[in-house]
Amino acid sequence: MLAKTAFGLLSHFVGPRGEVSGFTQQIQKADLRDWFAAWHLERACFGPDAWGLLELGLALLTPGIRLKAVVEEQLVGLVIAERNVWTNEGLIATLAVHPDFRRQGLGRRLLAEAEARLPTPRIRLTVRASNAAAIALYERAGYRRAGHAPRYYAHGEDGVVMEKLRRP
Ligand SMILES: CC(C)(COP(=O)(O)OP(=O)(O)OC[C@H]1O[C@@H](n2cnc3c(N)ncnc32)[C@H](O)[C@@H]1OP(=O)(O)O)[C@@H](O)C(=O)NCCC(=O)NCCS
């Protein structure tokens, strides 16, 4: 509710098509203080696939890459990424930008900042097969389809596994 109110207030400052021209977009470390805002963002972005409150709290409490996009002191985007020390692979666990702030480069920036903090030759992620926006973003960032995850998502939809290979 708090985050919704914040987004509502913020909407007074954005243009009719959601431009944030003139406002600074910053990428900052996220932590437990961002718990509720991040949870509201997850729900606004993922619906039935959203992380639960506890799951998200745990992620924000534990080490790993947790970055938020901030516009006018409000959290409007989030990326959570991990490094698997056993396989030396990076994982993009979640990436989300609030609907009012999309198509302004925030998703691309969050992803790039997470990648820059992942010292792994391979980064993987799974995305809903019908999620054309995210697949387009990942393909543009150099990810390629690398597998299939049958009935991975709520309501039985398949996932597409994508990966990016980088020079060490
Ligand atoms: C996917 C998501 C993070 C993209 O965030 P965003 O801030 O709008 O993305 P960007 O503005 O950085 O877009 C970067 C590029 O991705 C592609 N892209 C992003 N949204 C797109 C859309 N709706 N349709 C087609 N291409 C799209 C474009 O190539 C875009 O570059 P361009 O704007 O110069 O054409 C956002 O739509 C979102 O939060 N979706 C819901 C949650 C989600 O699906 N997360 C990913 C799950 S794995």
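The model is predicted, not determined by experiment. Its protein has five helices and seven strands, and when these are read along the sequence they follow the pattern α-β-α-α-β-β-β-α-β-α-β-β. Of the 168 residues, 30% count as buried. Among the contacts with a separation of 6 or more, 61% are between residues 24 or more positions apart.

**The sheet**

The seven strands form an open sheet with mixed pairing, and their order in it is E1-E2-E3-E4-E5-E7-E6. At the edges stand strand E1 (25-29) and strand E6 (144-149), each of which pairs on one side only. Neighbouring strands are turned against each other by 25 degrees on average, with direction ignored. As a general point, strands of a sheet pair through backbone hydrogen bonds, and this pairing can be either parallel or antiparallel.

Strand E7, residues 159-165, pairs with E6 in the antiparallel sense over five bridges, and E5 and E7, which also run antiparallel, are joined by seven bridges. The table lists residues that stand opposite each other in these pairings.

| Residue | Opposite residue in E7 |
|---|---|
| Val-127 | Val-160 |
| Gly-147 | Val-161 |
| Ala-149 | Gly-159 |

Which residues of E7 lie on its covered face, and which on the uncovered one? The covered face has Val-160, Met-162 and Lys-164, whereas the uncovered face has Gly-159, Val-161, Glu-163 and Leu-165.

Helix H4 lies across E1, strand E2 (65-71), strand E3 (74-84), E4 and E5, and it runs at about 35 degrees to E3.

Helix H2 has twelve residues and reaches 16 Å from its first C-alpha to its last, which is close to the 16 Å expected at 1.5 Å a residue. The buried residues of H2 are Ala-37, Ala-38, Trp-39, His-40, Leu-41 and Glu-42. After H2 comes Gly-47, whose phi is positive, near 50 degrees.

**Arg-83**

Arg-83 has its place in strand E3. Is Arg-83 buried, exposed or partly exposed? Arg-83 has 18 other C-beta atoms within 10 Å, and because a residue needs 20 or more to be buried and 12 or fewer to be exposed, Arg-83 counts as partly exposed. When residues up to four places away in sequence are not counted, Arg-83 touches Gly-90, Leu-118 and Thr-120. The C-alpha atoms of Arg-83 and Ile-65 are separated by 8.6 Å, and these two residues are 18 residues apart along the chain.

**Around the ligand**

How many residues surround the ligand, and which are the closest? The ligand is surrounded by 21 residues, of which Arg-102, Gly-107, Arg-108, Ala-133 and Leu-137 are the closest. The elements that each give two or more residues to this shell are helix H2 (35-46), strand E4 (89-97), helix H4 (106-116), strand E5 (122-128) and helix H5 (132-140). The largest share, six residues, comes from H5. Sorted by class, the shell has 13 nonpolar, four polar and four charged residues.

Methods: Residues numbered from 1 in each chain as written. Predicted model: local features only at pLDDT ≥ 70, side-chain atom pairs only at ≥ 80, totals over all residues. Near = placed C-beta within 6 Å. Helix = DSSP H or I, 4+ residues; strand = E, 2+ residues; numbered from the N terminus. Nonpolar A, V, L, I, M, F, W, Y, C, P; charged D, E, K, R; others polar. Pairing = 2+ DSSP bridges. Axes fitted to C-alpha atoms, helices over the stretch in contact; angles between N-to-C directions. Contact = placed C-beta atoms within 7 Å. Expected span 1.5 Å × (residues − 1).
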